[in-house]
Amino acid sequence: MTHLVTTKQELRQRIRDTNGSIGLVMTMGALHAGHRRLIDAARAHSDTVVVSIYVNPLQFAPGEDFDAYPRQLEKDMEILGDVDIVFAPSDDEMYENEPLVRIDPGQVATRFEGATRPTHFAGVLQVVAKVFNLVRPDVAYFGQKDAQQLALITTMVRDLDMGIDIVGVPIVRDSDGLALSSRNTYLSPEERTTALALVQALTAAREAARGGLPPAETERLLGETLAGTTGVDVDYATIVSPETFQGVSSNARTGLAIVAARVGATRLIDNMEVSFG
Ligand code: AMP
């Protein structure tokens with residue numbers, strides 16, 4: 001039986017009534033099989049599974065898609081499956097007051113996603129810290145799809161001694177390889193085909209690296225492959241260390257290839273681990 005709660009007080013009460021371990025999955029709704037994979041991981045390892053569904057205004061800059069972001073709570077409740085508590089607050093409930101104390105996500109948040117979206121990660125960490133404090137989970141599950149977010153949340157938990165295990169869950173893709181994302185609903189059929197350029201460039205880089213291409217050349221191949229596709233406006237295409245998001249050295253054994261690009265009006269991100277053979 002799933003309990004839908006919309007206030008912090010109800011959430012705290014439900015949490016108080018639980019026994020055993022708590023696993024948390026935070027989402028912005030418009031749920032898909034990627035979210036389900038996180039929920040399944042939580043279900044497999046926790047006595048109680050809590051899912052939050054909240055489109056967090058703090059992580060959107062003016063002019064981004066906060067208003068357009070898909071909101072479909074009733075449909076989400078059907079997709080959720082075996083979840084104990086769903087927390088779906090209003091904006092007034094989540095932020096009763098304009099937050100004065102803010103989380104500073106530090107240097108990693110200024111790169112890549114943070115370079116294009118300067119206030120994004122501060123907004124993400126603010127809401128993640130709030131929900132962590134409300135739920136006090138033992139384990140929280142985040143997708144490797146948002147690799148920089150995963151790295152920053154792991155760092156926040158470590159640096160603030162939050163005592164929560166952060167588990168990264170592999171990217172779930174459609175049968176043609178496109179990484180699932182709530183934002184894929186913005187794509188026209190033609191744009192959706194064009195968007196396959198992201199996974200194709202990542203795959204080409206991974207195969208070339210495996211075949212012996214050094215890091216710098218692999219990075220160049222990644223960028224050129226992506227930029228060579230008509231209709232794809234590349235934001236970044238590079239290879240980093242997944243913990244620090246610094247570039248990898250010429251003798252690195254592994255790295256994370258990360259890409260961001262606009263297809264039409266939709267900004268998409270994707271990534272893939274690479275091993276240099
Ligand atoms: P969102 O609702 O987009 O904020 O995502 C909520 C959580 O689901 C985040 O931890 C995401 O990284 C994760 N997630 C989103 N898409 C995928 C995917 N295709 N595969 C795995 N995890 C995902």
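**Group meeting: a helix pair and a ligand site**

Helices α1 and α6 sit oblique to each other, and that is where I'd like to start. Before I go on, please keep in mind that this is a predicted model.

So, what angle do α1 and α6 make? They pack at about 45°, and their axes are 9 Å apart. Helix α1 covers residues 8–16, while α6 covers residues 120–135. Angles from 65 to 115 degrees would count as roughly perpendicular and those under 35 as roughly parallel, so a pair at about 45° is called oblique. On the α1 side the contact is made by K8, L11, R12 and I15, and these meet K130, L134 and V135 of α6. Sorted by class, that contact holds 4 nonpolar and 3 charged residues, with no polar ones.

Now over to the ligand. There are 17 residues around the ligand, and the ones that come nearest are H35, G143, D146, V172 and L180. For D146, a side-chain N or O atom is 2.6 Å from a ligand oxygen. For H35, a polar side-chain atom lies 2.9 Å from an oxygen of the ligand. M28 uses its backbone instead: an N or O atom there is 2.9 Å from a ligand oxygen.

How much of the ligand does the protein bury? Taken alone, the ligand exposes 480 Å², and 92% of that is buried by the protein. Elements giving two or more residues to the shell are β2 (22–27), α2 (33–45) and β5 (139–143). Helix α2 gives the most, with 3 residues. By class, the shell has 9 nonpolar, 6 polar and 2 charged residues. Thanks, everyone!

Definitions and conventions:
Residues are numbered from 1 along each chain as its sequence is written. This is a predicted model: local features need pLDDT of at least 70, side-chain atom pairs count only at pLDDT 80 or more; totals for chains, interfaces and linings use all residues. Side-chain values use heavy atoms; hydrogens and water are left out. Axes are lines fitted to C-alpha atoms, for helices over the stretch in contact, and angles run from 0 to 180 degrees between N-to-C directions. Helices (H or I, at least four residues) and strands (E, at least two) are DSSP runs, numbered from the N terminus. Angles under 35 degrees count as roughly parallel, over 145 as roughly antiparallel, 65 to 115 as roughly perpendicular and the rest as oblique. Contact means heavy atoms within 4.5 Å. Ala, Val, Leu, Ile, Met, Phe, Trp, Tyr, Cys and Pro count as nonpolar, Asp, Glu, Lys and Arg as charged, and the others, Gly among them, as polar. A residue is near a molecule or strand if one of its heavy atoms lies within 4 Å of it. A polar contact is a pair of N or O atoms within 3.5 Å; within protein, one must be able to donate a hydrogen and the other to accept it, and residues adjacent in sequence count only if both atoms are side-chain atoms. Accessible areas come from the Shrake-Rupley method with a 1.4 Å probe; for residues, only the protein chains shown count as cover.
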